[in-house]
Amino acid sequence: MPDRHATPRRTRRTPKPLDRTRLNNLALHYVARFATSSGKLENYLKRKLRERGWEGEGEPDIKGLVTRFAEKNYVDDEAYARMKAGGLLSRGYGARRVEERLRVDGLDDDVRQANAPDEKEAREALVAYLRRRRFGPFAVPAQDQGPETTRKAREKQLAAILRAGHSLEHARRAVEAKTQLELEEWVAEALD
């Protein structure tokens, strides 16, 4: 089958099918370049097997390879979960969105629950999201807004906050806050 992306002068060579050595080298190259979880590494190797095929002896032992990499600490699910959850929270995403991302990345339930944000972190993430999107008390007030326009703007803000993974209770509290100080006090209440 001709390669439609190849130029007339240069054709792409088809990659060699994988064997144990090539599969191990692919995995090493992947973990050297990217911070990853064992679930993501396993999905990557399965995809490469589908693309390139297998010519090694027996069946490929992907689970064994991933387990060996985890034992050697080339792949650390706990550290990956902390890094990913911290990044999402700092960008303002809520607990539901964080849990969803960790689940998609192939992390176990206990790792996901251990890295779920507590109440204070969830509130801080919401304030970061409001600040970034200029919602609630961070919004720039438009002139000559009627009550209907204000109501529609609040509904849109509320919907966006919910899509970002925050709870309905938190979203309502944030949208109804009149001042930034009120929000800061609400975050401080989480410590009590």
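Biologist: Where does Asn 73 lie?
Modeller: In this predicted model, Asn 73 lies in the loop between H3 and H4, and its phi is near 65°, a positive value in a residue other than glycine.

Biologist: And is Asn 73 buried or exposed?
Modeller: The relative accessibility of Asn 73 is 60%, and because the cut-off for exposed is over 50%, Asn 73 counts as exposed.

Biologist: Which loop holds Arg 134, and what is its phi?
Modeller: Arg 134 has its place in the loop between H7 and H8, with a phi near 60°, again positive in a residue other than glycine. Its relative accessible area is 56%, so Arg 134 is exposed.

Biologist: Changing topic, how many residues does helix H2 have, and what does it reach from end to end?
Modeller: Helix H2 runs over residues 38–52, which makes 15 residues, and it reaches 21 Å from its first C-alpha to its last, close to the 21 Å expected at 1.5 Å a residue. Just after H2, Gly 53 takes a positive phi of about 85°.

Biologist: Which residues of H2 are buried, and what do they pack against?
Modeller: The buried residues of H2 include Leu 41, Tyr 44, Leu 45 and Leu 49, and also Glu 42 and Lys 48. The buried residues of H2 pack against helix H1 (20–33), helix H3 (62–71) and H4.

Biologist: On to the largest nonpolar core, then: which members touch the most others?
Modeller: That core has 28 residues, and Leu 130, Ile 161 and Leu 183 touch the most other members. Among the elements that give two or more residues to this core are H4, helix H7 (119–133), H8 and helix H10 (180–189). There is also a second, separate core of 15 residues, which includes Leu 41, Leu 49, Ile 62 and Leu 65.

Biologist: What does Ile 161 touch, leaving out residues up to four places away in sequence?
Modeller: On that count, Ile 161 touches Leu 126, Tyr 129, Leu 130, Phe 135, His 166, Ala 171 and Val 175.

Biologist: Last topic: what is the volume of the largest pocket, and which residues lie nearest its centre?
Modeller: The volume of the largest pocket is about 310 Å³, and of its 14 lining residues, Gly 136, Ala 139, Gln 145, Arg 154 and Gln 157 lie nearest the centre.

Biologist: Which helix gives the largest share of that lining, and how do the lining residues divide?
Modeller: Helix H8 (residues 147–163) gives the largest share, four residues, while the lining as a whole divides into eight nonpolar, four polar and two charged residues.

Notes:
Residues numbered from 1 in each chain as written. Predicted model: local features only at pLDDT ≥ 70, side-chain atom pairs only at ≥ 80, totals over all residues. Heavy atoms only, no water. 1 Å grid on protein atoms, 1.4 Å probe; cavity = no way out; pocket = protein on both sides within 12 Å on 5 of 7 lines; lining within 4 Å. Points joined across faces, edges and corners; volume = space filled by probe spheres on them. Nonpolar A, V, L, I, M, F, W, Y, C, P; charged D, E, K, R; others polar. Core = buried A, V, L, I, M, F, W, Y, C linked by side-chain atoms within 4.5 Å. Buried < 20%, exposed > 50% of the residue type's maximum accessible area, 1.4 Å probe, protein only. Contact = heavy atoms within 4.5 Å. Expected span 1.5 Å × (residues − 1).
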